[in-house]
Amino acid sequence: SYRHVLNDSSSTIWTRDSAFMTPRGLVICNSASQRRRRENMLLRFVYAHSPLLKDVTIAFDAIEEGMIVEGGDAMVVAKDLLFLGTGNRSDPRIAPVLAKRLDMDVLAVQTVEREFIQTIQPGQKNPARELKVLLLHLDTFFTMIAANHALAVPYLLESEFSESSPLVRYIQGARADTRLSAEDAEAALKMLKGFGSLKLYRRGTGAEEKVEGKLADHLQRLNWKFTWVGGARPTGQAEAFSHFMAVTYPELRRQAANVVQATPGRVIAYAGNPATKAAIEANGIAVDTFAARELWAWHGGPHCLTQPLMRG
């Protein structure tokens, strides 16, 4: 007489979202999606009862704490520094909690600015939904490909382009051409204006510090190197818009920003993103690819497919 309430387990392949490893131990996540929350519950069961995993330290259990966080938003940058995407799929309120509990500085990277209370019910309208899906997690628009070297979507993470990026121009044009409702357009433009804004929460205390600019601005001040999805950016405004829409945007949809480091100097990526692959290789990093048409269409990439349990 037993019947599952939800039977779809297709997203279980995205193992990064259910947990992520930190220098202090594993963080078990708690999904914003009720359907995907089953993955978190299964993972808790596995770590509690598998002899192979009995020695893994659980540093933080978001289910037990009643907080929402998904592993695609979390990126361990150094032994005492965690980047965390917030607002879309992870609750911003968890950032200071993790800073205290993990004893790590947490740099919160805003995707959507909103109260993180799930008010959207099935069938209700979700403004800017397509943009939120396109930029679902931190690892869909930003991943590390080497020490102090990031692969990222151009324009979105720089304050200079907050109101003039190619995506902003596209949305403005679509609204004028009535291809987008005023509500969708305004929600998308508001999201892009604040996209990539930062707050830093200090290790041990969770004390908040404001960080000037957006993520790329901040990291460039720290002498980070960037490789852009779609390759080098043309200088002219018209050329930049054309290149973004014809090259960068299609490769972004195919998860070009979502790669995972295999070894120093080598990353794994999806096939089908030649401009981004060439840009990474031009920086001396080898790129192994595999065909993944059936995977990228479900909004995940190689980074999402991995859940490392040991860190050097």
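In this predicted model, tyrosine 155 lies in the loop between β8 and α5. Its phi is near 80°, a positive value in a residue other than glycine. Tyrosine 155 counts as buried, because its relative accessibility is 7%. Asparagine 148 belongs to the loop between β7 (142–146) and β8 (149–152). With a relative accessible area of 42%, asparagine 148 is partly exposed.

Helix α6 itself covers residues 182–194. Its 13 residues should span 18 Å at 1.5 Å a residue, and the C-alpha atoms at its ends are 19 Å apart, which agrees. The buried residues of α6 are Asp184, Ala185, Ala188, Leu189, Met191, Leu192 and Gly194. These buried residues pack against the strands β6 (105–110), β9 (197–201) and β10 (208–214), and against the helices α4 (129–134) and α5 (166–176).

Helix α1 (residues 37–49) also has 13 residues and reaches 19 Å from its first C-alpha to its last, close to the 18 Å expected at 1.5 Å a residue. Within α1, Glu39, Asn40, Leu43 and Tyr47 are buried. They lie on the same side of α1, because the arc they cover around the axis is only 100°. An α-helix has 3.6 residues a turn, so residues three or four places apart point the same way. The cover over the buried residues of α1 includes β1 (19–22), β2 (25–28), β3 (58–61) and α2 (62–65). On the face of α1 turned away from the buried side are the exposed residues Phe45, Ala48 and His49. Phenylalanine 45 counts as exposed because its relative accessibility is 52%, above the 50% cut-off. Phe45 also belongs to a nonpolar surface patch with Leu42 and Val46, and together the three residues have about 270 Å² of accessible area.

The structure holds 19 salt bridges. One of these joins the side chains of arginine 203 and aspartate 103, with an N to O distance of 3.1 Å. This pair links distant parts of the chain, 100 residues apart: arginine 203 is in the loop between β9 and β10, and aspartate 103 is in the loop between α3 (94–102) and β6. Both partners are partly exposed, with relative accessible areas of 34% for arginine 203 and 31% for aspartate 103.

Another salt bridge is formed by aspartate 105 and arginine 202, whose closest N and O atoms are 3.0 Å apart. Here too the pair links distant parts of the chain, with aspartate 105 in strand β6 and arginine 202 in the loop between β9 and β10, 97 residues apart. Aspartate 105 is buried, with a relative accessible area of 13%, whereas arginine 202 counts as partly exposed at 31% relative accessibility.

Glutamate 208 and lysine 199 form a further salt bridge, the closest N and O atoms being 4.0 Å apart. Lysine 199 counts as partly exposed, at 38% relative accessibility. Salt bridges that share partners also join Asp17, Arg36 and Glu39 into one network. Of these residues, Glu39 is among the buried residues of α1.

Isoleucine 68 is in the loop between α2 and β4 (74–78). Its relative accessible area is 14%, so isoleucine 68 is buried. The C-alpha atoms of isoleucine 68 and alanine 32 are separated by 5.9 Å, although the two residues are 36 residues apart along the chain. Leaving aside residues up to four places away in sequence, isoleucine 68 touches Asn30, Ser31, Ala32, Arg37, Arg89, Ser90, Asp91, Ile94 and Phe116.

Histidine 303 is in the segment after α10 (293–296). It counts as buried because its relative accessibility is 7%. With residues up to four places away in sequence again left out, histidine 303 touches Arg16, Ala74, Met75, Asp139, Thr143, Asn258, Val259 and Val260.

Notes
Residues are numbered from 1 along each chain as its sequence is written. This is a predicted model: local features need pLDDT of at least 70, side-chain atom pairs count only at pLDDT 80 or more; totals for chains, interfaces and linings use all residues. Side-chain values use heavy atoms; hydrogens and water are left out. Patches are made of residues with over 30% relative accessible area and no salt bridge: like charges are joined within 9 Å, nonpolar side chains (Val, Leu, Ile, Met, Phe, Trp, Tyr) within 5 Å. Accessible areas come from the Shrake-Rupley method with a 1.4 Å probe; for residues, only the protein chains shown count as cover. Helices (H or I, at least four residues) and strands (E, at least two) are DSSP runs, numbered from the N terminus. Buried means under 20% relative accessible area, exposed over 50%, partly exposed in between (1.4 Å probe, protein chains only). The expected span of a helix is 1.5 Å times one less than its number of residues. Contact means heavy atoms within 4.5 Å. The arc is that of the directions from the helix axis to the C-beta atoms.
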